[in-house]
Amino acid sequence: QVHLVESGGGLVQPGGSLRLSCVASGTIFRINTMNWYRQAPGKQRELVAVIDSDSHTDYSDSVKGRFTVSRDDARNTMYLQMNNLKPEDTAKYYCNEEIAMYSDYRMRYYWGQGTQVTVSS
């Protein structure tokens, strides 16, 4: 069974920084695309950052230049470095990863439970 666990969220002042982590565990054969989503209460879930198996990245316009996504394949971990945070960044942040297990070669998307980020003065 694959498990994704996010961490690193918390309360930060505008202009501050946080680094989120997402650790994948289980009988993992390979992880392709890794994504960060965020969702504010009552709002649609929003894709904010993508990193593929070659470490190519993409960002939503709202976070471009402020957020950096990276991955450490040896640790099955994805990171999101968030700088110059704004109140509009307040949301629960989720990792979403395309993973193949040894027991099932097919690649499927898995979700973490989320970590809360609150940006407030």
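Is W111 buried, exposed or partly exposed, and what is its relative accessible area?

Modeller: The model is a predicted one. In it, W111 is partly exposed, because its relative accessible area is 40%, a value between the limits of 20% for buried and 50% for exposed. The ring of W111 pairs with that of Y37; the two centres lie 5.0 Å apart and the planes meet at 50°, so this pair is tilted. Since Y37 belongs to strand β4 and W111 to strand β10, the pair ties together parts of the chain that are 74 residues apart in sequence. Y37 itself counts as buried, because its relative accessible area is 19%, and the limit for that class is under 20%.

The model holds 4 aromatic pairs in total. Another of them joins F29 and Y105, whose ring centres are 6.2 Å apart and whose planes stand at 45°, so this pair is likewise described as tilted. It too links distant parts of the chain, with F29 in strand β4 and Y105 in strand β10 (residues 104-111), 76 residues apart. F29 is partly exposed, with a relative accessible area of 44%, whereas Y105 is exposed at 66%. Together with Y102, these two residues make up one aromatic cluster.

The largest nonpolar core contains 30 residues, and W36, L80, M82 and Y93 have the most contacts inside it. At least two residues of this core come from each of β3 (18-25), β4 (28-39), β5 (46-51), β7, β8, β9 (91-101) and β11 (115-119). The greatest contribution is that of β9, which gives 5 residues. For M82, contacts beyond four places in sequence include L18, L20, F67, Y93 and V117. M82 also touches G16, S17 and R66.

The model has 1 disulfide, formed by C22 and C95 with their sulfur atoms 2.1 Å apart. Because C22 lies in β3 and C95 in β9, this bond ties together parts that are 73 residues apart in sequence. The torsion about the S-S bond is about 60°, so the disulfide is right-handed. Both cysteines are buried: C22 has a relative accessible area of 0%, and C95 likewise has 0%.

Finally, the loop between β6 (57-59) and β7 contains S60. S60 counts as buried, because its relative accessibility is 14%. Apart from neighbours within four places in sequence, its contacts are E46, L47 and V48.

Definitions and conventions
Residues are numbered from 1 along each chain as its sequence is written. This is a predicted model: local features need pLDDT of at least 70, side-chain atom pairs count only at pLDDT 80 or more; totals for chains, interfaces and linings use all residues. Side-chain values use heavy atoms; hydrogens and water are left out. A nonpolar core is a set of buried Ala, Val, Leu, Ile, Met, Phe, Trp, Tyr and Cys residues joined through side-chain atoms within 4.5 Å. Buried means under 20% relative accessible area, exposed over 50%, partly exposed in between (1.4 Å probe, protein chains only). Helices (H or I, at least four residues) and strands (E, at least two) are DSSP runs, numbered from the N terminus. Contact means heavy atoms within 4.5 Å. A disulfide is a pair of cysteine sulfur atoms within 2.5 Å. Rings of Phe, Tyr and Trp (its six-membered ring) pair if their centres lie within 6.5 Å; planes under 30 degrees apart count as stacked, over 60 as edge-to-face and the rest as tilted.
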